[in-house]
Amino acid sequence: MSSHTKYIKLSSNRGRWIQCVLGIVLTMIFVLAGYALNELPGLHYVGPLACAMFLAVLYRQLQGYPEAVRPGVEFSAKKLLRGAIVLYGLKLNMDVVIHQGLALLLRDAGIVIFSILFTVGLAKRFKADASLSLLLGIGTGVCGAAAIAAVSPLLKSKDEDTAIGAGLIALVGTVFAILFTVLRPWIPLTDIQYGIWSGSSLHEIAHVALAAASGGQDALAVGLLAKLGRVILLIPLSFILMYWMKRTGKLSSEAKVEFPWFLIGFIATSMLGSYVFGKYIVVPSRLMNELSQVTTFMLTMAMVGMGLNVSFKALREKALLPLLVLSITSIMLVGLTYLTV
């Protein structure tokens with residue numbers, strides 16, 4: 001290789017590295033703006049993730065996709081996403097779920113199965129976008145945007161679908177969480193029953209925390225326990241989806257399925273958080289809280305990267321019917337879990 005060719009290659013690598021850094025910085029700016037927007041009256045119910053995604057989608061409509069920094073935006077949307085899912089495992093206390101929540105875990109399995117099958121069936125009846133609706137069914141049944149983000153690589157989903165799905169889940173979940181909080185004084189359930197109902201029916205962990213807190217500490221504790229049961233089911237569900245993709249021919253027999261190493265990391269961090277940290281290795285609660293905040297920040301950066309792929313035209317064409325399907329599924333889930341508390 002000539003010195004001139006080496007120089008061109010080095011210049012190209014340097015330019016791509018600069019594009020990557022600038023793209024990452026851009027997604028960070030959107031996240032910080034989302035956190036700031038989330039502080040405004042009323043918007044704190046929505047959450048920084050949804051606020052940051054809204055700003056990213058709005059930017060896309062006004063300025064177009066930031067092609068000059070595409071490598072960094074794609075790094076945030078894909079690599080940081082997997083890192084966030086790995087760190088998300090620290091939030092899952094498997095010991096509590098296994099020893100105190102086996103009954104809730106079986107209940108949660110039924111909830112996940114119902115949410116996915118009902119959403120997919122309803123989407124087929126309404127002729128809604130099948131790929132997006134499947135993501136919404138998984139997000140509804142498991143743990144909202146985090147579940148959508150985790151399974152989208154396995155399902156080979158478009159970044160646009162992942163971003164739209166996460167945004168719709170955040171929107172609908174926030175509305176339901178606020179309704180739970182407002183209606184709590186008139187709901188004829190004990191605090192424990194109310195907590196189980198919240199944890200069994202709401203979309204995100206943040207939504208469960210918001211709604212269940214209005215029932216007191218006992219309601220919040222059992223609500224989070226019920227929700228954690230749904231989160232842990234993300235692990236077997238992901239491997240089932242891999243098998244299903246191959247079995248149904250969604251991937252050709254020659255196609256190589258990328259092994260979800262990030263899910264192995266998710267399991268490993270879950271084990272560390274459940275059985276090692278605090279027992280054999282002392283980790284200050286402040287550090288764990290900071291790691292939790294870093295996880296949320298990274299996940300929000302990934303959603304911003306995906307949000308920059310969304311166009312309003314796509315929202316009009318793809319999102320309206322899936323939003324209707326998601327709303328109906330959520331109403332059904334809230335009703336059925338209420339009747340079985």
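The model is predicted: local features need pLDDT of at least 70, side-chain atom pairs count only at pLDDT 80 or more, and totals for chains, interfaces and linings use all residues. Residues are numbered from 1 along each chain as its sequence is written, and side-chain values use heavy atoms, with hydrogens and water left out.

**The chain as a whole**

- The protein chain holds 15 helices and zero strands; helices (H or I, at least four residues) and strands (E, at least two) are DSSP runs, numbered from the N terminus.
- Of the 341 residues of the protein chain, 48% count as buried.
- The accessible surface of the protein chain comes to about 16500 Å², and carbon and sulfur atoms account for 68% of that surface. Accessible areas come from the Shrake-Rupley method with a 1.4 Å probe, and for residues only the protein chains shown count as cover.
- Among contacts (heavy atoms within 4.5 Å) between residues at least 6 apart in sequence, 79% join residues at least 24 apart.

**Confidence**

- The mean pLDDT, the predictor's confidence in each residue from 0 to 100, is 82 for the protein chain, and 89% of the residues reach 70 or more.
- Confidence is lowest in helix α4 (residues 94-100), with a mean of 66, and highest in helix α6 (residues 130-141), at 93.
- Over residues 4-10, pLDDT stays under 50, and the model has one contact beyond four places in sequence for this stretch.

**Enclosed helices**

- In α9, the buried residues are Tyr194, Gly195, Ile196, Trp197, Ser198, Gly199, Ser200 and Ser201.
- Helix α11 is also largely enclosed by the rest of the structure, because 12 of its 16 residues are buried. Among them are Leu220, Val222, Lys227 and Arg230.
- The 16 residues of helix α11 (residues 217-232) should span 22 Å at 1.5 Å a residue, and the end C-alpha atoms are 22 Å apart, which agrees. The expected span is 1.5 Å times one less than the number of residues.

**Salt bridges**

- Side chains of opposite charge can pair when their charged atoms come close.
- A salt bridge is a side-chain nitrogen of Lys or Arg within 4 Å of a carboxyl oxygen of Asp or Glu, and by this rule the count comes to four.
- Glu67, Arg70 and Glu74 are linked in a network of salt bridges. Arg70 meets Glu67 at 2.6 Å, N to O, and meets Glu74 at 3.2 Å, N to O.
- Glu74 and Arg70 both lie in helix α3 (residues 70-88), four residues apart, about one turn of the helix.
- Glu67 is partly exposed at 46% relative accessibility, as are Arg70 at 28% and Glu74 at 30%.
- Arg184 and Asp191 meet in a salt bridge of 2.8 Å, N to O. Arg184 is buried at 11% relative accessibility, whereas Asp191 is partly exposed at 36%.

**A nonpolar surface patch**

- Trp17, Ile18, Val21, Leu22, Val25 and Ile29 make a nonpolar surface patch of about 560 Å². Patches are made of residues with over 30% relative accessible area and no salt bridge: like charges are joined within 9 Å, nonpolar side chains (Val, Leu, Ile, Met, Phe, Trp, Tyr) within 5 Å.
- Val25 lies in helix α1 (residues 3-38) and is partly exposed, with a relative accessible area of 36%.

Notes. Buried < 20%, exposed > 50% of the residue type's maximum accessible area, 1.4 Å probe, protein only.
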